[in-house]
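Please find below a short note on the model, arranged as numbered points. It is intended to be read with the sequence and the structure side by side.

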Amino acid sequence: GEDAIHYLRKGYRVIGIEANPLLVKEASVKFTKAIASKQLQLVNIGIAEEECILPFYCNQHLSEWSSFNKDLGYRMNTTATVIDVATKRLSSLFDEYGVPYYLKIDIEGYDAICLETLVGYKAYPVYISCEASSPKCIDLLVDMGYTHFKLINQFRNFKQLDIAWEKNKTFTYIQNKKNRLKLRLQHYLPFKYSFGSSGPFGEETDGDWLTAEQVNTAYHQYYDVVSGHGLNKFSWFDIHAKK
């Protein structure tokens, strides 16, 4: 719920989509007041190509690793509990709840599927972001009419991708130490953006907006698309887009 906390504090009405029923139960307790005031609505549903029932792999090591993708659900030789989860197309949720001002997608391997269900929809969010799991996500955002992009490093305190930094082994060593310290301290201190959260969105994100060509080039400068490996083993990115 780190992201929900940030959006609620900024006064937004939030609709949280969560496939894992245990996390929905925990969030229902954590956000009792926001739910009672109808500022927050939790929807226990998964996002997929079609409305159906799919096996969902609830990772027992990190809940963030849970996925409809079996390989991701069991990543790093960890264990997972398999449950059946009802799914819907993201476009169907737009029909039901309306088009959001900002759409945040991060669902472990299904990010591109979310975007695919929106291509050709009647309207789109002003701002949208998704995990940079594939360059296909950039292409889909272009198909939806988005023209301005950023690649934000979640590891580097929500800074825009800088290739020189990513190649610097000293940077990754020091940043990893800082992140581990922040991870411990955030249990006791109120950070604006906790480690592991999505951080800022829209115009509050770091750096200048890039063209699709520029962000595609930056993506391929960092990632070897064939191997799936980046310039270092720590950084991970969100693609942010606006019209």
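**Note on the predicted model**

1. F158 has a relative accessible area of 6% and is therefore buried; buried means under 20% relative accessible area, exposed over 50%, and partly exposed in between (1.4 Å probe, protein chains only). The residue lies in the loop between β8 (148–153) and β9 (159–160).

2. The model is predicted: local features need pLDDT of at least 70, side-chain atom pairs count only at pLDDT 80 or more, and totals for chains, interfaces and linings use all residues. Residues are numbered from 1 along each chain as its sequence is written, and side-chain values use heavy atoms, with hydrogens and water left out. Helices (H or I, at least four residues) and strands (E, at least two) are DSSP runs, numbered from the N terminus.

3. N77 also has a positive phi, near 60°, and is not a glycine. Its place is in the loop between α4 (70–73) and β5 (80–88). Is N77 buried or exposed? With a relative accessible area of 81%, N77 is exposed.

4. D238 belongs to strand β10 (residues 237–242). This residue counts as buried because its relative accessibility is 1%. Which side chain makes a polar contact with the side chain of D238? The partner is K104, at 2.6 Å; a polar contact is a pair of N or O atoms within 3.5 Å, where within protein one must be able to donate a hydrogen and the other to accept it, and residues adjacent in sequence count only if both atoms are side-chain atoms. Beyond its neighbours within four places in sequence, D238 is in contact (heavy atoms within 4.5 Å) with residues including C130, E131, K150 and S198.

5. T87 is found in strand β5 and is buried, at 1% relative accessible area. Its side chain reaches the backbone oxygen of E50 at 2.8 Å. Not counting residues up to four places away in sequence, T87 touches I45, G46, A48, E50, E51, C52, L54 and F68. The C-alpha atoms of T87 and L72, 15 residues apart along the chain, are separated by 18 Å.

6. The largest nonpolar core has 35 residues, of which L90, L115, L141, L151 and I239 touch the most other members. Such a core is a set of buried Ala, Val, Leu, Ile, Met, Phe, Trp, Tyr and Cys residues joined through side-chain atoms within 4.5 Å. Elements giving two or more residues to this core include α5 (90–97), β6 (102–105), α6 (111–116) and β7 (127–131). A second, separate core of twelve residues includes A4, A27, A34 and Y102.

7. The axes of helix α7 (residues 136–143) and helix α10 (residues 212–222) come within 10 Å and cross at roughly 170°; axes are lines fitted to C-alpha atoms, for helices over the stretch in contact, and angles run from 0 to 180 degrees between N-to-C directions. The two helices, α7 and α10, are therefore roughly antiparallel to each other, a term used for angles over 145 degrees. I138, D139 and V142 of α7 make the contact with A212, V215, N216 and Y219 of α10.

8. S91 has its place in helix α5. At 9% relative accessibility, S91 counts as buried. Apart from residues up to four places away in sequence, S91 touches T117, L118 and Y121.

Key: Angles under 35 degrees count as roughly parallel, over 145 as roughly antiparallel, 65 to 115 as roughly perpendicular and the rest as oblique.
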